[in-house]
Amino acid sequence: MSDILYEDNHLLVAVKPPNMLSQADATGDTDILTELKGYIREAYHKPGNVYLGLVHRLDRPVGGLMVFARTSKAASRLSAQLKEHDVGREYLCVVTGEVKDEFTLTDYLFKNEDWNRVEVCEADRKGAKLAILHGRCVSRRQGFSLCVIKLETGRSHQIRVQMSNIGAPLWGDNRYGAGIVGQQIALWGYKLSFYHPISRELMTFYSMPSGSVWSIFSDLLCVPEDIEMPETPKPIRLSDKVLETFEAYTPVMPEEPEKKAEGPEEKPDKGPGPASEDNAGDETSAAENTQAGEEPAEERTEP
């Protein structure tokens, strides 16, 4: 079972293990989306099909943090944040070859769907997509470099291809580097930041890799003790388009009717009381929305 770091009525944050699919495919192998749906169904006694929105993906061999939407509203808002780069995703990788202390890579990538392989190409090639990433070398040991990568775009296999293109392929990558069968690619989604789709609270999560080549840098792979997950609220600075998405779901409260001048005062109905923060009034619950396997984000890509 994948590690679940956080969950409420609107979203779920979990750590995808390496070599697990993000979403089911023709292989029929285990995927984290199906696994988490099963968890929700059992933990909350949900009958029938369970809704869980896949907001973004990780390559099958890559481990790390993923956020899932438990409602259609949360899926739409998180997808808007992803599209406008208000979702912060950072990766750790171990590479061979020389890298600068800080670097920005700008390339055009083309994906060969038949071979499921991506290559750097000219900008004018049909199907080419701009790919930009920013990197920083944290440490160099035993001929390896530990790097932090932040994506400006989200293209398929982007980190693997762009790092290989500069002569610094990821350790264990037998598709774009010099990895061998049995080695686990050294790429991990270690940091994930986003604004809660309902409360708008800034939430930041960390997950660190271990074992294999990561052990060379084990003293550096730890979350500082003063970091709490999720992070305490901070001032919100969302893009205009994301704010419009939030506002589009804000219900308009009807005007309160005037009280009658005569007659006894009517007693209010004894309803269920005010909704809690996790049960916002116009929210579509996971049980009510029976659509499954949807991936609402426009940017359906992998590192």
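Which residue in strand 8 does Thr106 stand opposite? I looked it up: Thr106 faces Ile132.

I noted first that this is a predicted model, where local features need pLDDT of at least 70, side-chain atom pairs count only at pLDDT 80 or more, and totals for chains, interfaces and linings use all residues. Residues are numbered from 1 along each chain as its sequence is written, and side-chain values use heavy atoms, with hydrogens and water left out.

Strands. I took these as DSSP runs of E, at least two residues, numbered from the N terminus; two strands pair if DSSP finds at least two bridges between them. Strand 8 (residues 129-141) runs antiparallel to strand 6 (residues 102-112), with eight bridges joining them. Eight bridges also join strand 8 to strand 9 (residues 144-151), again antiparallel. I found Ser139 opposite Leu146 in strand 9. Strands 8 and 9 form a hairpin with two residues between them, and Gln142 in the turn has a positive phi of about 55°.

Aromatic rings. I counted three aromatic pairs (Phe, Tyr or Trp rings, the six-membered one for Trp, with centres within 6.5 Å; planes under 30 degrees apart are stacked, over 60 edge-to-face, the rest tilted). One of them, Tyr6 with Phe205, is tilted, at 5.9 Å centre to centre and 50° between the planes. Tyr6 is in strand 1 and Phe205 in strand 11, 199 residues apart. Phe194 and Phe205 are stacked, at 6.0 Å and 20°. Tyr6, Phe194 and Phe205 form one aromatic cluster.

Charge over ring. I required CZ of Arg or NZ of Lys within 6 Å of the ring centre and within 35 degrees of the ring normal. Arg125 lies over the face of Phe110, 3.8 Å from the ring centre.

Notes: Helix = DSSP H or I, 4+ residues; strand = E, 2+ residues; numbered from the N terminus.
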